[in-house]
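Thank you all for coming; I would like to walk through one structure with you, and I will take it slowly for anyone who is new to it. Please have a look at it first.

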Amino acid sequence: MQDRYISIEGISREYPAPGGGTTKIFDDLWMSMSRGEFVAVIGHSGCGKTTVLNILAGLDAPSSGVVIVDGKAIEGPSLDRAVIFQSHALLPWKTALGNVAYAVSSRWPRWSRAEVNAKAMAAIKLVGLEAAADRSPAQLSGGMKQRVGIARALSIDPKILLMDEPFSALDALTRGTLQDEVRNICIETGQTVFMITHDVDEAIYLADKIVLMTNGPGARIAEIVANPLPMGRTRNDVHRHPAYYPVRNHIIDFLVSRSKSFDSEIAAGKPWDSRNPPLVNPAIPEPATLAQVAVAAGAEQAQATQQVFTQAQRRRTT
Amino acid sequence: MSTFDNPFDTEGKATKRCGCSCGAHSTQAEHDAAVSRAKAEAEFLKAGEDARVRRVVEAGLMRAVFPNPVQRRAFIKAVGATTAAAAIAQVFPILTAADALAAGGVPEKKDLKVGFIPITCATPIIMAHPMGFYSKQGLNVEVVKTAGWAVIRDKTLNKEYDAAHMLSPMPLAISLGLGSTAVPFTVPAIENVNGQAITLAMKHKDKRDPKQWKGFKFAIPFDYSMHNYLLRYYLAEHGLDPDTDVQLRSVPPPEMVANLRAENIDGFLAPDNICQRAIFDGVGFNHILSKEIWDGHPCCAFAASKAFVTESPNSYGALLRSIIEAAAFASKAENRKQIAEAIAPANYLNAPVTVLEQVLTGTYADGLGEVKKDPNRVTFDPFPWESFAVWMLTQMKRWGQLKGDVDYQGIAKEVFLQTDAVRLMKEAGLTPPTASTKTFAVMGKTFDPSKPKEYLDSFAIKRST
Amino acid sequence: MTQSIEVRASLVSALILVTFLLVWHLAVTGGGSGQAMDPEYAKLMGITATQGKSAMPGPLDVGATLWGHIKDPFYVRGTNDVGLGLQLGHSIMRVMAGYLLAMAVAIPVGFLIGMSPLMSRALDPFIQVLKPISPLAWMPLALYTIKDSGTSAIFVIFICSIWPMLINTAFGVANVRKEWINVARTLEVGPLRKAFTVILPAAAPTIVTGMRISIGIAWLVIVAAEMLVGGTGIGYFVWNEWNNLSITNVITAILVIGFVGMLLDQGLARLGRFVTFPE
């Protein structure tokens, strides 16, 4: 069913506790992602979402377990996995173009300055910033800065895009615009994306799958929500879809109560296997499988989904 | 083969004469001819005086080892000239022989640096520069003004200076390792005799009896100075213990006048132009001249390390001849005005000519409204009497600077080079004193240099026995 | 409005200066008249004694002396008497030699300390002990071991200017934003390139602040060091003129020292503005 492009296998992360001993932030996480998939992780602060992302980026290492990407265990940062940082993390002494060019020249060290600048400029154009390419980060608005961050990540043609709450620092209007753009770019390029977010609507709009994490310490992946909304969803109509509120309510229920009580659910005898967290579709009664989701989605939606897929494939091949 | 031939030349010149390497004796034409004849000769000429002397010695040695010229050439041809020289050097210390030969010849080092402190005591060292006494001896001397006695000591110890102006007890202290590491130092010549004074602040003009000075603060230029010993002697003779009844402080000369003006000190026994400068600026008056304590006392010395004296005997000799001749010139009263003008500019003492004239001519304002005349206020006599050194050692011992048994005569002989001075004064056409020791009186009390211990015992106020 | 405040500020500055010069002038021109003296005696005395002139020079004396030095800054009248410009040149050369040497040591070592918590802790006690030592306290030791007064002066400049640069470099490097480092890491940037393209520019404002503190200290210390060892330099000039009790020249030198110190400071302030990035 899945090509396990990214496979997180039983990772945990411990930190020294203030009073001695260690605290396990999260424990025994298993999940996998296939190529071209957009996965969002939702959980309360302190559940270790960012640590998981850092482990995927190679900036941090798990205390136990392993992450395998494309058949190889992660041993450190790689240009194949680009990170979009929450705080944009632009180098303030470089211009917008300079920041992107820095990434490009790191990716292709032998390229001439002209080649590097051309590639960087293409990425800048992708996020619509060509007019501000020569400005320094201090002269850019928050949204523009994050666009530069996205351009920098995309400029190196990464195999995987890792996004750490990329839109959380932006105002609602900018956030919306940027979400649209990122969604379009990801669909067009068939990017594999791992995103961390606090925003349920953002997750539903952008992600194919939404991973729900229980509270830390000792956080786990409680379940993985398969997004039932059609591929052709837009931000203006997403909330009108019949499956929207069931999904949204399911996730909010989880965040409000079940993220705390999940451990007692298991203790109470709920069947759950950490190695194989359940894939749920809140639009239909559980237990659900991906096949059922497809059936339940209905002919009209399936058709719409099919259209978007073929469009995307057509774009990719051209 | 001449003394100056290259004994390592294998080209069969053993019988030829070549005057080119004789330095001063050869003409330029002969010289040029020699250069074109042989490369070895050219290199040899370039090597200069030192190499020439060395080569002469090597030549002598080669002849001594191989009296037959044919054998000599064969040997050098077989092993090479450098190896031959090295082999000879193994069995005979060539440098030592070269030194012996060099004595009385051309200076080893012509560019010399001599440090001085800007006070009139340094007159012979300073005036020898503008008035040409150094250049007359073929020396190119740079006289460098220095910030203080400790610095001049360190710079001379560090060989930044080849020789320096020091307070005459300093070379004794350095040789004994007092206040610095022990390095053998010498006093080839005294610079000045007399020329110091006790100056008091104007507010004390009615306290002329030292018995009224209890609690006074006095400045002296340095611990190892005649100023220190003379002031202590003077105070002790008047019944004041210099360590308990008054305070003595080492103060750099320029600060003395400023401190006197600020009333931080009550007076000082200081080198001149400082004393006269205080009067000139109206902040002090002359209590007594140092000659009233001991007429003919030494003050500052021309000092050099023993290493300089033995390693560069010719430079040392030339330098000393300059100082002795300058001192001889300065000892004549009629030359003093001219000297005052020569040493006053900023490059030398950097002091008003009026002040220097008063010091050097001995016609001076006393600060109390009178003009005094004393042609012997300062005079210049380079002769480094060993008995001076013995007296200084007794005072070092008296005030606890020196502890344990002291070999007064032995140290005096090591440091004060009386014998050299006799020889060099003769060379300079001057008449050295005929007596071998000098007895003198300090405040009426006769000092017998042969009985330092008894002298020391006779004092009531002292730190050690 | 901003222009008017600048204009008003310069007016107030000018007023303060004029008042100060006037007060100074009046303070030194007053004073008692000369005492009656025998003319023979008076000839041997200085004007402070004969005319009751203040030992403190007035602003006009200082101005004239300053103008004299500015007109002819590069004369050489012997080893111990060279122009003020040359003296300044000697001092600046010494400061630059010691300062550049200190930079060459402090910045790499600061990098090491800033990047390695181990080295930071290991070297900390040494830095803490050595830092508060007055630079001139090193002078006797330097003279004794180096055996050259010129080199000793340079060493003293070196030892006094090294600490602010070292500490600031270490601090700047240690506090480079983690996310910038992470950017470099995710881009697989090598350690050397990372040091030059991320850490150095990020820490540059802090490093230049340290350099600015250092040059100020170095310029303070060179004057004192040259007064100690003498020979050449602006400090020697002060000492030499003090020796002659020429307060006029001492004040002139003080003004010049202040002016050069300001130029050095402004130069580094400019460099600071150049490397500072707005965030």
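How close do the axes of helix α4 of chain C and helix α12 of chain C come, and at what angle do they cross? Before I answer, please keep in mind that this is a predicted model. The axes of α4, residues 59-71 of chain C, and α12, residues 247-275 of chain C, come within 9 Å, and they cross at roughly 65°. Angles from 65 to 115 degrees count as roughly perpendicular, and α4(C) and α12(C) are therefore roughly perpendicular to each other. The crossing in which α4(C) passes α12(C) is right-handed. On the α4(C) side, the contact is made by Asp61(C), Val62(C), Thr65(C), Leu66(C) and His69(C), while α12(C) brings Thr248(C), Asn249(C), Ile251(C), Thr252(C) and Leu255(C). Sorted by class, this contact has four nonpolar, five polar and one charged residues.

Let me turn to another helix pair. Helix α5, residues 84-115 of chain C, and helix α8, residues 149-174 of chain C, have axes that come within 6 Å and cross at roughly 30°, which makes α5(C) roughly parallel to α8(C). Here too the crossing is right-handed, and the contact of α5(C) with α8(C) has 25 nonpolar, six polar and one charged residues.

Finally, the interface between chains. In chain C, 15 residues are in contact with 18 residues of chain A. The elements giving two or more residues to this side of chain C are α9 (178-186) and α10 (191-229), and the largest share, six residues, comes from α9(C). By class, the side of chain C that touches chain A has eight nonpolar, three polar and four charged residues.

Technical notes
Residues are numbered from 1 along each chain as its sequence is written. Chains are lettered from A and ligands numbered from 1 in the order in which they are written. This is a predicted model: local features need pLDDT of at least 70, side-chain atom pairs count only at pLDDT 80 or more; totals for chains, interfaces and linings use all residues. Two residues are in contact if their C-beta atoms, placed from the backbone, lie within 7 Å. Helices (H or I, at least four residues) and strands (E, at least two) are DSSP runs, numbered from the N terminus. Ala, Val, Leu, Ile, Met, Phe, Trp, Tyr, Cys and Pro count as nonpolar, Asp, Glu, Lys and Arg as charged, and the others, Gly among them, as polar. Axes are lines fitted to C-alpha atoms, for helices over the stretch in contact, and angles run from 0 to 180 degrees between N-to-C directions. Angles under 35 degrees count as roughly parallel, over 145 as roughly antiparallel, 65 to 115 as roughly perpendicular and the rest as oblique. A crossing is left-handed if the near helix is turned anticlockwise from the far one by less than a right angle, and right-handed if clockwise.
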